[in-house]
Amino acid sequence: MKNFWFAFLLPVVASAQHVPSMEEVISLRSVGSVQLSPDGKTIAYTVQTTDWNENRYDTEIWLSREGGNAFPLTNHPKNSSLAPLFSPDGRWLTFLSDRGNKNQIYVMRIDGGEARAITREEEGISFYEWHPDGKRLIFVKPEKENKSKKDREKRYGAFEADDKEFTLSHLWQIAFQPEMPDPSERPCYESTDSLKLKAGCIEWPKAKRLTEGNFTVTGFSVSPDGKMIAFNHQPDPLINSFVKSDISLIDLSTQKITAIVTNPSADSFEDWSPDSKEILFTSNVTDTLSNFYTNSKLFVISLGSQKIRQLAKTLDEDLGGFTWEATGIYTTQWNKTQRPLYRIDAASGTHTVIRTSPEQIFNLSFSRDGQHMAFTGRNGDQLNEVYQSTPEGPAIPISRMNEQITHWKVAKSEVIQWKSKDGALIEGVLHKPANYDPSKKYPLLMVIHGGPTGIDTPTPVPGGVYPVIQWLDKGCLVLRPNYRGSAGYGEAFRSLNVKNLGVGDMWDVMSGIDYLDKKGMIDKTKMGSMGWSQGGYISAFLTTNTNAFKAISVGAGISNWMTYYVNTDIHPFTRQYLKATPWSDEMIYKKTSPMTNINQAKTPTLIQHGEFDKRVPIANAYELLQGLRDKNVPAELIIYKGFGHGITKPKERLAANWHNWQWFNKYIWGETIELPLGEKK
């Protein structure tokens with residue numbers, strides 16, 4: 001049994017600050033989703049922990065009543081408990097968990113007791129919601145596996161046609177009968193007649209299908225009056241089909257389905273109006289050629305008149321994540337490195353910032369009357385915590401995640417700003433060691449985020465696969481640039497690397513270095529760069545287009561847009577950013593590909609890649625590796641077995657940290673470090 005909660009309950013013993021080990025950083029507990037009960041008095045939230053013995057991350061549900069100390073509600077030893085939801089009367093808490101039979105919906109009283117399964121679906125449950133009447137639950141599950149596929153495999157073995165074999169998902173509902181006895185409490189006899197009927201049995205409620213057809217359901221919500229369900233659907237679950245997403249309604253009394261929003265590009269349901277008469281949705285409308293980097297728009301449609309009006313017209317971000325309460329429409333969106341709480345007036349469409357503390361706010365959940373809220377958030381020197389509040393009142397912390405780093409030496413962060421080669425204003429997060437001396441020049445490490453529509457923000461514990469805390473203590477500066485294309489700076493900024501990938505990104509990185517150099521802060525003879533995904537691509541571009549760095553690490557990075565285009569699972573991404581295919585404009589693919597200038601490469605380069613990466617297929621790693629080796633550039637490829645685009649298990653994440661520690665310490669500090677073996681004591 002896991003006993004992870006005792007760290008919360010025992011008093012903190014005072015000790016001198018220390019530099020955390022890589023294992024300690026990877027083992028940090030973190031809060032995830034949060035749910036507020038209908039009466040606003042109870043908060044359920046998830047906590048992720050690290051299970052080193054099982055080499056996995058575990059998520060369990062914690063509960064806080066009326067602002068009191070939180071305690072763990074679930075503690076399943078082998079699998080996680082996810083997606084907590086309160087029943088409409090607030091007496092029950094449901095969640096998803098795989099307890100040996102795929103993800104099922106479980107329920108338990110919030111005042112204690114054992115959890116019991118509500119569903120017994122062979123295919124498992126994808127996601128779910130309570131019906132407002134509290135007597136049933138609506139859920140989405142995959143269809144049963146096609147029997148003909150099994151028959152085919154018996155004769156011909158395993159094969160599949162690309163983009164033609166998939167499993168659709170549909171809506172179902174099931175009755176909630178909390179007082180029903182467990183079927184094992186009564187014997188079940190089989191009659192002796194020819195029909196073989198069972199008698200005297202307690203039967204589990206059976207799920208009832210709500211939708212079927214040649215589409216897959218990707219999201220839904222029941223109307224507040226309980227009469228209808230609005231749901232998102234697309235032709236199939238393939239990743240690129242999101243652009244064909246539409247919104248339909250199902251009348252629960254007749255099961256009649258009516259299409260309600262069918263724009264040529266992606267439509268996404270956001271929420272119902274409190275009176276069930278309108279639907280809030282975001283859409284790219286007709287844009288199917290640039291929706292990877294341009295803003296989606298926010299609309300309301302009246303179900304009576306079918307009239308559509310646009311809201312938040314001047315909110316310059318890629319919009320999503322809205323909740324419509326009696327007190328207004330709420331959302332949080334990036335605004336540079338901060339994420340405030342916005343309220344939108346449903347009538348006028350105007351938006352107002354109503355909360356800026358903490359500096360970054362996520363995961364909104366409201367009481368039934370919209371007067372109370374819970375959310376997660378943090379300031380730049382904190383880990384995420386769970387808070388309770390009114391929309392504009394003081395935020396009261398519920399969790400205590402920051403106690404974990406009280407005695408750590410952590411990163412000191414500041415947001416800096418500089419001009420790039422073309423005059424674009426670039427921001428970045430600069431981390432300094434605790435004992436920073438302004439009279440010294442420090443080695444500089446660039447850590448570049450992915451996306452490109454990701455964002456880096458101030459944080460006390462930069463993590464991932466890079467041992468930033470340990471490097472800071474060793475004596476260096478770390479700069480994490482929000483290069484062109486990053487989220488939080490508006491649509492025009494996100495569009496600056498269209499047809500300019502790599503090239504403009506390199507301008508932003510190198511101009512940031514020049515900015516620090518002019519301030520006399522860095523030793524330009526000791527610099528390194530690293531990043532994952534798009535950050536890995538930019539690092540690969542730096543490898544072949546500049547000799548300014550002593551070492552570079554390329555994590556799951558693109559090396560050649562031509563070969564990437566034909567191998568990735570998101571072909572439209574390349575077409576949208578380069579505005580061409582390799583056959584229509586070969587030159588733009590060459591201009592932006594690291595491999596084009598491989599003959600200029602001199603920088604020692606570590607390449608890290610997941611074995612089964614579909615987003616950036618591993619052929620990119622081999623191509624860069626061979627090119628560097630052909631030029632006698634020191635290069636090494638580490639393949640993380642069984643992983644896709646990210647390193648999602650703690651032991652392999654630890655390995656990736658050590659691999660980067662070895663590589664940069666060798667080429668920046670001249671140290672030879674062996675990978676530690678044996679159990680850590």
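Rings of Phe, Tyr and Trp (for Trp, the six-membered ring) are counted as a pair if their centres lie within 6.5 Å; planes under 30 degrees apart make the pair stacked, over 60 edge-to-face, and the rest tilted. By this criterion, ring pairs join Phe242, Phe292, Tyr293, Tyr537, Phe541, Trp561, Tyr564, Phe573 and Tyr577 into a cluster.

The model is predicted: local features need pLDDT of at least 70, side-chain atom pairs count only at pLDDT 80 or more, and totals for chains, interfaces and linings use all residues. Residues are numbered from 1 along each chain as its sequence is written, and side-chain values use heavy atoms, with hydrogens and water left out.

Over the whole structure, the search finds 26 aromatic pairs. One of them is formed by Phe95 and Tyr106, which are stacked at 5.9 Å centre to centre with 15° between the planes. Phe95 belongs to strand 6 (residues 92–98) and Tyr106 to strand 7 (residues 103–109), so the pair ties together parts 11 residues apart in sequence. Strands (E, at least two residues) and helices (H or I, at least four) are DSSP runs numbered from the N terminus. Phe95 is buried, with a relative accessible area of 0%, and Tyr106 is buried at 7%. Here buried means under 20% relative accessible area, exposed over 50%, and partly exposed in between, with a 1.4 Å probe and protein chains only.

Tyr106 also has Arg99 over its face, at 4.9 Å from the ring centre. A charge sits over a ring if NZ of Lys or CZ of Arg is within 6 Å of the ring centre and within 35 degrees of the ring normal. The charged end of Lys474 is placed in this way over the ring of Trp669, 5.4 Å from its centre.

The largest nonpolar core has 62 residues, of which Leu444, Val509, Ile513, Leu542, Phe549 and Trp561 touch the most other members. Helix 6 (residues 503–518) gives the most to this core, with 6 residues. A nonpolar core is a set of buried Ala, Val, Leu, Ile, Met, Phe, Trp, Tyr and Cys residues joined through side-chain atoms within 4.5 Å. Leaving aside residues up to four places away in sequence, Phe549 touches Met446, Val509, Met510, Ile513, Met527, Gly528, Ser529, Leu542 and Thr603, where contact means heavy atoms within 4.5 Å. Apart from this core lies another, of 37 residues, including Trp532, Ile638, Tyr640 and Ile647.
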